[in-house]
Amino acid sequence: METRPDRFVAIAVLMLAPTAALLGALVIAGRLNILLALAAFALVAAVTAVARHLVLRDSRLIAAYLDQVRDRRTPLPPPQARTLTGAALLDDIAQLHQNWLRHREEIEHRLAADEAVVEALHDPLMLVDDKRKVGRANSAARALFGDRMLNRDLAVSVRNPDVLAAVDAVLAGGDSRRVEFTLPLPVERVLEVRVTPFRPAAEDGAPEHEITAIVTLHDITAIKRSEQMRADFVANASHELRTPLSTLVGFIETLRGPARDDADARDRFLAIMQEQAGRMSRLVMDLLSLSRIELDEHTHPTGETNVAQLVHSVVAMLELKAAARKITIRVQGGGSAPGAGG
């Protein structure tokens with residue numbers, strides 16, 4: 001801020017002009033001695049000069065204080081002014097600066113919290129501008145597509161035409177879109193892409209901001225795989241259980257009919273039926289185990305397992321079946337990873 005001394009000179013002249021005109025009129029009318037008129041004018045001019053000097057000094061003081069607090073991040077006490085008006089202005093400027101610093105700190109804390117929340121999101125999130133360039137991407141998105149995706153066209157990272165078409169439609173003013181696509185590498189995954197329009201609120205009188213698209217990706221591989229496995233499970237179970245079920249139904253019909261009173265046949269058939277029922281039980285357990293394994297085949301283990309306890313529990317379950325076949329199961333080894341021998 002710069003002061004203009006010539007303005008204060010013009011103001012002083014304007015202030016003295018009415019006084020000079022009044023004193024001159026009194027002298028012409030003979031009601032005031034010319035010497036007294038000159039003395040009065042000199043007194044008024046001196047007071048005006050002193051006031052001008054004080055106001056000019058305070059104006060320069062205010063300008064210098066404004067330059068000091070313009071980019072300052074901490075409060076600065078105002079200097080001592082010579083006039084009441086200058087002191088009031090300096091106090092107001094200091095108070096405004098403190099309020100601005102407090103408001104700025106609140107905004108920075110809020111932005112930092114928002115940034116932390118976005119960065120902590122498990123799902124990838126990207127902010128795409130009206131030119132389809134990626135302006136922001138959280139850590140999950142950068143881990144998936146790399147840091148080079150920033151400030152580049154979305155098509156460089158996401159090459160799926162359906163996703164790009166959904167983003168273009170939203171940027172053109174359309175409603176939210178939801179698209180599914182498959183990411184083949186490093187492990188095939190199915191992702192659900194949600195594209196939501198976002199237009200920052202414009203201040204009164206300011207032009208409206210361009211539409212921005214918020215792109216979020218949600219991994220639905222487990223859901224899709226679970227749906228597929230349910231269908232496969234039904235098909236496999238129907239196929240694998242058809243034979244033993246048919247055998248059981250046939251033997252039941254035989255025992256209720258021709259072999260009703262044949263004790264030897266009944267014992268033989270019941271033994272076969274027990275074997276077929278055990279086969280069905282093992283098939284169901286195998287199918288359930290297969291489903292769990294396929295569901296979690298790409299999920300890294302996160303917990304800890306007592307291997308010794310697990311091995312002993314498996315031995316306890318198989319002990320009766322092994323004894324029926326005259327097989328002895330022994331657990332050899334020690335430590336956290338024992339081996340099994342039979």
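Buried here means under 20% relative accessible area, exposed over 50%, and partly exposed in between, with a 1.4 Å probe and protein chains only. The model is a predicted one, in which local features need pLDDT of at least 70 and side-chain atom pairs count only at pLDDT 80 or more, while totals for chains, interfaces and linings use all residues. Residues are numbered from 1 along each chain as its sequence is written, and side-chain values use heavy atoms, with hydrogens and water left out.

Arg132 sits in the loop between β1 and β2, where helices (H or I, at least four residues) and strands (E, at least two) are DSSP runs numbered from the N terminus. Its phi is near 65°, a positive value in a residue other than glycine. Asn151, likewise not a glycine, has a positive phi of about 60°; Asn151 belongs to the loop between α4 and α5 and is exposed, at 60% relative accessibility. For context, most residues other than glycine have a negative phi.

The side chain of Arg132 also meets that of Asp153 in a salt bridge, 3.1 Å from N to O; such a bridge is a side-chain nitrogen of Lys or Arg within 4 Å of a carboxyl oxygen of Asp or Glu. This pair links distant parts of the chain, 21 residues apart, with Asp153 in the loop between α4 and α5. Asp153 is partly exposed, at 27% relative accessibility.

The structure holds 10 salt bridges. Another of them joins Glu108 to Arg73, with the closest N and O atoms 2.8 Å apart. Here Glu108 lies in helix α3 (residues 84-120) and Arg73 in the loop between α2 (34-69) and α3, 35 residues apart. Glu108 is partly exposed at 35%, as is Arg73 at 47%.

In soluble globular proteins, nonpolar side chains tend to be buried together.
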